[in-house]
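Please open the model in your viewer and keep the sequence panel at hand. The stops below are meant to be selected one after another.

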Amino acid sequence: MDFVKTALFKRHSNYSISVDEIGMKLDFVWAPYVLNLTHLLTDFKTKKKYPNVMVMGAGLWHMLHVSNPSDYELVLQTLKSSLVSLFPFSTDIANAYGIAEVVVMLVTTALVTLVMLLIWQTNLFLALCFPLLFGSIELIYFFVVLSKVMERGWLPLVFATFFLTVMYIWHYGNVLKYQSEVREKISMDFMIKLGSKLGTVRVLGTF
């Protein structure tokens, strides 16, 4: 700190320091206005060189020197768009997530309806009003997001089909196993009849 104390808190200027012992570089960028931050983020994206950690603050200085609130709102929206564009996020991911989310909502509505009918013993009319109300809204969303299937929206559908196939095969195997056990199960009457021929002796104290 003694080394950087003289320059650390320079006002209204950029400052950089490297800590070689831990391989870290700290950059303080003087960007008092929102527009300055927008240009900084755009520069990051252009050079494709991003910081590992970025602490960003904007607002107070800008608000003190900008008198038009509508202009301030516009530059904040521009800053938000620039910041979001830095993230590894795309509309493809959004399309896939949208379909997955809406399907989860539909399944949840169907399961809650079953719980209302079978567990809570709710009146049939009230139980049907629930899926009609929420299900109709969710179906609207579902048909909207279906238009994004060709834009990577098919990804959750592929995953769902895969896991559905695995679960169906597992269930089918369990059914076959159960049927085989029932078919090959020896009845108690047959065991009793067979026991007398084999000379089976019942032990006292047992049934």
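The tour goes from a hairpin to a pocket and then to the annotated spans.

This is a predicted model, in which local features need pLDDT of at least 70 and side-chain atom pairs count only at pLDDT 80 or more, while totals for chains, interfaces and linings use all residues. Residues are numbered from 1 along each chain as its sequence is written, and side-chain values use heavy atoms, with hydrogens and water left out.

Select residues 15–19 and 24–28, which are the strands β1 and β2, running antiparallel and joined by 5 bridges. Strands (E, at least two residues) and helices (H or I, at least four) are DSSP runs numbered from the N terminus, and two strands pair if DSSP finds at least two bridges between them. Within this pair, Ser16 stands opposite Asp27, and Val19 has Met24 as its bridge partner. The hairpin has 4 residues between its strands, and Gly23 takes a positive phi near 65° there.

Next, show the largest pocket, which holds about 1,000 Å³ of space. Among its 25 lining residues, those closest to the centre are Asp27, Val29, Phe44, Pro51 and Val53. A pocket here is an open set of points on a 1 Å grid over the protein atoms alone, where a 1.4 Å probe fits, with protein on both sides within 12 Å along at least five of seven lines; lining residues have an atom within 4 Å of a point. Both β2 and α2 (34–47) supply at least two residues each to this lining.

Now select residues 96–119, 125–146 and 153–173, which an unreviewed UniProt entry annotates as "transmembrane region"; such annotations may be inferred rather than shown by experiment. The span 96–119 is 96% helix and 0% strand, with its end C-alpha atoms 34 Å apart, and the span 153–173 is 100% helix and 0% strand, with its end C-alpha atoms 32 Å apart.

Finally, centre on Thr113 in helix α5 (residues 91–118). Thr113 counts as buried because its relative accessibility is 10%, where buried means under 20% relative accessible area with a 1.4 Å probe and protein chains only. The side chain of Thr113 reaches the backbone oxygen of Thr109 at 2.8 Å.

How values were computed: Points joined across faces, edges and corners; volume = space filled by probe spheres on them. Buried < 20%, exposed > 50% of the residue type's maximum accessible area, 1.4 Å probe, protein only. Polar contact = N/O pair within 3.5 Å; in protein donor to acceptor, adjacent residues only side chain to side chain.
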